[in-house]
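Dear colleague,

Below I am passing on the structure we talked about, and after it you will find my notes on what was found. Please keep the structure open beside the notes while you read.

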Amino acid sequence: MTDISGVTPEVTPEVPHRPVGRRAVLIATGATAATLAVGATTAAPEAPPTQDPAPVAAAAVCTLTKEMTEGPYHLDGQYVRADITEGKAGIPLKLTLTVVDDDTCAPLADALVELWHSDALGEYSGFVGNNGHEGPDSGTFLRGAVLTDSRGVAAITSIYPGWYRGRCVHIHVKVHTNVTLTSDGHFTGGQEIHTGQLFFSEAITNAVARVSPYSTNTVTRTTLAQDSIYDEGGAASGLLTLTALGTTTSAGYAGTLTLGVER
């Protein structure tokens, strides 16, 4: 099966679906995550790894960075919902993303934060089979969007992503303004003001990869250092701050990041 670029994903890294504009964005670290404590089972309890903290000033730090490619697996008009798991097995991930104005760092309310990513086996909804694993395909699992609140915060519940050939573990993100919510739970219209990707600590991903169902994904995993898109820029390039939600890897993680966007 081929992706929409016409190239077989099993042998070729992800190819951009379309060029991304030259808009610059600001990304700052720091946001408070809620906790989530449900988990998959492992053979034996293990202490969750911790992420090395990035050096930051006491006040919020904004860092100029580029946008990231949309990639080949985007689908328009996904559900507006806070939980995008649809029963997919995996280690819990509670994301708290704060959207701020890049000029003032003031929170941006009613912005729509849209996410999509692969399941534990590296399969995207709407494209199941591209990473060599067959299964049910709703066309909507691990896809969705949330409006930011008055503090600019969008909270989304998902699972830790898996990996597919040629890419490190990541989540795709878009930020939209002035969207219209539809009666069937979707969104339409508005302006797309940011396209990027979220990335994960290698130490934590290594631990996750040892837990079922991630451990059944036999596709060779690309690391952050090997990835063709991540530029080793840390939080400035979308690297999440991850905090353990329990005493084992299976208990899951909270992921936080502040996105500064050009309105």
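C168 is buried, with a relative accessibility of 1%, whereas C105 is partly exposed at 33%; here buried means under 20% relative accessible area, exposed means over 50%, and partly exposed lies in between, all with a 1.4 Å probe and protein chains only. A search of the whole structure finds zero disulfides, a disulfide being a pair of cysteine sulfur atoms within 2.5 Å.

Please bear in mind that this is a predicted model, in which local features need pLDDT of at least 70 and side-chain atom pairs count only at pLDDT 80 or more, while totals for chains, interfaces and linings use all residues. Residues are numbered from 1 along each chain as its sequence is written, and side-chain values use heavy atoms, with hydrogens and water left out.

Which residues have the most contacts inside the largest nonpolar core? They are L115 and Y160, in a core of 39 residues, where a nonpolar core is a set of buried Ala, Val, Leu, Ile, Met, Phe, Trp, Tyr and Cys residues joined through side-chain atoms within 4.5 Å. At least two residues of this core come from each of β3 (92–101), β4, β6 (153–159), β7, β10 (191–199), α1 and β12 (253–261); helices (H or I, at least four residues) and strands (E, at least two) are DSSP runs, numbered from the N terminus. A second, separate core has seven residues, including L224 and Y230.

Strand β3 deserves a look of its own. Ten of its ten residues are buried, and both faces are covered, with T96 among the buried residues on one side and V99 among those on the other. β3 runs antiparallel to β6, joined by seven bridges, and T96 stands opposite A155 in that strand. With β12, β3 pairs in the parallel sense over nine bridges, and there the bridge partner of V99 is L259; two strands pair if DSSP finds at least two bridges between them.

Some backbone details remain. Most residues other than glycine have a negative phi, and most peptide bonds are trans. L142, however, has a positive phi near 60 degrees; L142 is found in the loop between β4 (112–116) and β5 (143–147) and is buried, at 0%. N178 also has a positive phi, of about 60 degrees, but N178 is exposed at 58%. Finally, the peptide bond from S212 to P213 is cis, with omega near 5 degrees.

Best wishes
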